[in-house]
Amino acid sequence: GAEVRFIEYMDVGGATGWTCDAVVTSDEMLTRLGAAYGPITPAEARLAAPARRYQLPDGRVFGIVASTSEPFCSTCDRSRVTADGMWFRCLYAATGTDLRALVRGGADRAELRNTIEQQWRNRSDQGAVDRLSAPRRVAAVPVELLRRDPHLEMHTRGG
C-alpha cells in the first residue's frame, strides 16, 4: 500500500562522485516505467509533497522527485536540522543557522520562533535552479571542502 518515490540523483555534496551523466531524469524514468508497465497517467497532486504523482494502468500510484532536471525551488517548503542543531533552508545552502547555539545561549521559545519565522520568510535559496543553469555541472561541493565542513554533504543534513 505504500507509494514508491523515485528521486533523481542529486548533485549535493561531492563524496559520491556525482556527474550529470549519471542522472536518470524524470522523463527517462517515465519512459522506462511506461515500457515496462503500460501507459502512465498523472495522479492527483499532493501539495505538501515535492513528488509529482503518477498512476500505472493497474491503479498503483508512484511519485518522482525531479529536483535535478525540473527544480521546484519556488514552491519548496522543506528545510533540515542536523543532529548537532544546524538549520539549513536549502539542501544546497553553504551556511545554516546554529539553533543549538541559540538554545544554549538562553533563547526562549518566542525568540527561537521569531528567528525561525524571520529567516524562513526572508530566504532566497534557489539552489537547484542555480545548479540547473550552471555552465558546467560538477559536484556542488568539492571533497576537499567537505573535509573542512562535513555539514556541506547531503547525508549529514538528512537528505
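The model is predicted, so local features need pLDDT of at least 70 and side-chain atom pairs count only at pLDDT 80 or more, while totals for chains, interfaces and linings use all residues. Residues are numbered from 1 along each chain as its sequence is written, and side-chain values use heavy atoms, with hydrogens and water left out.

I begin with the salt bridges. The term denotes a side-chain nitrogen of Lys or Arg within 4 Å of a carboxyl oxygen of Asp or Glu. A search of the whole structure returns 6 of them.

One of these pairs Arg53 with Glu3, with 2.5 Å between the closest N and O atoms. This pair connects distant parts of the chain, 50 residues apart: Arg53 belongs to strand β3 (residues 52-55), and Glu3 to the segment before β1 (4-7). Helices (H or I, at least four residues) and strands (E, at least two) are DSSP runs, numbered from the N terminus. Arg53 is buried, at 9% relative accessible area, whereas Glu3 is partly exposed at 26%. Here buried means under 20% relative accessible area, exposed over 50%, and partly exposed in between, with a 1.4 Å probe and protein chains only.

Glu28 is partly exposed at 31%, and Arg32 is exposed at 52%.

Asp77 and Arg78 also form a salt bridge, with an N to O distance of 3.1 Å. Asp77 is partly exposed, at 43%, as is Arg78, at 33%. Elsewhere, shared partners join Glu3, Arg5 and Arg53 into one network of salt bridges.

I turn now to the largest pocket. On a 1 Å grid over the protein atoms alone, a pocket is an open set of points where a 1.4 Å probe fits, with protein on both sides within 12 Å along at least five of seven lines; lining residues have an atom within 4 Å of a point. The volume of the largest pocket is about 420 Å³, taken as the space filled by probe spheres set on the points, which are joined across faces, edges and corners.

Which residues lie nearest its centre? They are Met10, Phe72, Cys76, Arg80 and Leu91, out of 24 lining residues. The elements giving two or more residues to this lining are β1 and α4 (127-132).
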